[in-house]
Amino acid sequence: MYTARCRSCGYETSDPLEFRCKCGSPLELILDFHFERELIEREEQTIWRYRKFFPHAEERVSLGEGWTPIIKGKDAYFKLDFLNPTGSFKDRGSSILLSTLAGRVRSGYISEDSSGNAGASVAAYSAASGIRARIYVPSTASGPKVEQIKAYGAEIIRVEGRRDEVTAEAMAHEEGKFYVGHVYHPIYWDAMRTVAYEIAEQFNWRPPKYIFLPVSAGTLLLGTLRGFKHLLDSGEIDEMPFVVACQTKLISPLYHKLKGLTYSPPKVVKSVADALISPNPPLLNMMVEEMRGVGDAEIVEEEEIIEAHRELALQGLYVEPSSAVAYAAYKKWLGKVDGPSLVILTGMGLKVR
């Protein structure tokens with residue numbers, strides 16, 4: 001029911017608690033089945049309408065995530081993924097991940113490193129499944145997202161030092177600890193296949209020609225690409241949408257690597273897009289491989305993000321500035337697109353201050 005493989009060395013595992021290969025490289029789930037429209041559970045108005053395509057999910061830990069609306073704006077379509085239960089797209093990953101692991105981790109507690117949307121989402125779904133959660137955050141973390149994590153009853157551990165030191169603490173072995181980090185765990189990012197499935201179904205299996213989405217750790221990008229490729233390989237859509245990965249100019253490792261440019265991230269990051277601050281994401285090489293031939297990347301300035309955020313609000317869409325990055329990039333592409341475009345809005349504006 002569950003097999004994950006390492007691209008680098010070919011190692012395979014059937015243990016869903018393994019979140020990366022013994023060689024240190026990321027794992028990815030093997031999809032050895034086709035997508036079939038007839039297997040959609042159409043009475044279900046959540047990601048669980050696609051339950052048949054996630055056979056490793058042994059339980060069902062759900063708060064009503066997914067099947068978010070798509071609306072037509074003044075110049076593009078928008079998928080309102082900020083309307084998920086905790087206010088971000090991360091709920092898709094948390095639901096499938098906890099549904100897969102719940103029976104294996106109830107004897108202890110789960111750990112995650114995030115002071116943002118992922119931490120809040122994992123905390124919420126842990127609470128829903130009756131599992132203790134410990135969320136590791138930088139010592140300087142504050143704001144609505146940290147308060148949201150606390151509200152769900154998760155224990156917060158503040159860690160001094162760089163962001164990678166927070167991750168190291170979350171991963172450190174302790175009796176009864178199960179690390180479920182969203183950046184590494186293949187079940188988490190694979191759950192984002194549901195974004196592609198929904199878009200295809202909501203457009204009557206003819207998805208828009210262009211899709212713009214914000215990128216940091218790469219979970220949304222990889223899962224969305226994987227979902228569309230699964231649909232294409234299964235004969236359910238005729239062609240892949242062209243996916244544009246959108247980043248800030250300050251933090252843009254994918255943009256630079258995809259284009260073969262030298263990249264030196266700033267030592268101190270001060271961006272309005274505070275959810276897009278992964279200067280060296282572990283899944284970077286996988287992102288570059290998956291983007292070849294099916295997409296491109298774009299970067300935007302801080303001023304462009306602020307303006308895009310304002311314009312979205314004036315259309316009735318109050319999102320995080322990090323979500324507005326995708327719309328800012330779309331605006332730069334207005335002279336290039338020659339077909340319908342969709343912008344994925346990933347985080348709710350009420351979560352920032």
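This report describes the domains, the salt bridges and several individual residues of one predicted model.

## Basis of the model

The structure is a predicted model, in which local features need pLDDT of at least 70 and side-chain atom pairs count only at pLDDT 80 or more, while totals for chains, interfaces and linings use all residues. Residues are numbered from 1 along each chain as its sequence is written, and side-chain values use heavy atoms, with hydrogens and water left out.

The chain is assigned two domains: domain 1 covers 70-90 + 186-344, and domain 2 covers 94-179. These bounds come from an automatic or database domain assignment. Taken over C-alpha atoms, the centres of domain 1 and domain 2 are 25 Å apart. Domain 1 gives 10 residues to the contact and domain 2 gives 14 residues, where contact means heavy atoms within 4.5 Å. Between the two domains about 990 Å² is buried, and carbon and sulfur atoms give 60% of this area. Buried area here is the accessible area (1.4 Å probe) that two parts lose on being put together, summed over both. On the side of domain 1, the residues that lose the most area to domain 2 are T86, I187 and Y188, which together account for 55% of what that side buries.

Polar and charged groups also take part in the boundary. There are 6 residue pairs in polar contact between domain 1 and domain 2, both residues being at pLDDT 80 or more. A polar contact is a pair of N or O atoms within 3.5 Å; within protein, one must be able to donate a hydrogen and the other to accept it, and residues adjacent in sequence count only if both atoms are side-chain atoms. The side of domain 1 that touches domain 2 consists of 5 nonpolar, 2 polar and 3 charged residues. In this division, Ala, Val, Leu, Ile, Met, Phe, Trp, Tyr, Cys and Pro count as nonpolar, Asp, Glu, Lys and Arg as charged, and the others, Gly among them, as polar.

## Salt bridges around K145

The count between domain 1 and domain 2 is 2 salt bridges. A salt bridge is a side-chain nitrogen of Lys or Arg within 4 Å of a carboxyl oxygen of Asp or Glu. K145 forms a salt bridge with E320, with the closest N and O atoms 2.7 Å apart. K145 also meets D274 in a salt bridge, at 4.0 Å from N to O. D274 lies in the loop between α8 and α9 (284-291) and K145 in helix α3 (residues 144-151), so this pair ties together parts that are 129 residues apart in sequence. Helices (H or I, at least four residues) and strands (E, at least two) are DSSP runs, numbered from the N terminus.

K145 is buried at 7% relative accessibility, whereas D274 is partly exposed at 42%. Buried means under 20% relative accessible area, exposed over 50%, and partly exposed in between (1.4 Å probe, protein chains only).

## Salt bridges elsewhere in the structure

The structure holds 31 salt bridges. In one of them, R226 pairs with E28, the closest N and O atoms being 3.5 Å apart. R226 belongs to helix α7 (residues 219-233) and E28 to strand β3 (residues 27-29), so the pair ties together parts that are 198 residues apart in sequence. R226 is buried, with a relative accessible area of 14%, and E28 is buried at 14% relative accessibility. Both residues belong to a network of salt bridges that links R7, E28, D190, R193, R226, K229, E289 and E290.

A further salt bridge joins K332 and E304, with the closest N and O atoms 4.0 Å apart. This pair links helix α11 (residues 321-332), which holds K332, to helix α10 (residues 302-313), which holds E304, and the two residues are 28 residues apart. K332 is partly exposed at 37% relative accessibility, and E304 is partly exposed at 28%.

Q247 is found in strand β11 (residues 242-248) and is buried, with a relative accessible area of 1%. A polar atom of the Q247 side chain lies 3.4 Å from the backbone oxygen of V215, and one lies 3.2 Å from the backbone nitrogen of L254. Beyond its neighbours within four places in sequence, Q247 is in contact with residues including S252, E298 and V325.

H256 lies in helix α8 (residues 253-258) and counts as buried at 14% relative accessibility. Leaving out residues up to four places away in sequence, H256 touches L261, T262 and Y263.
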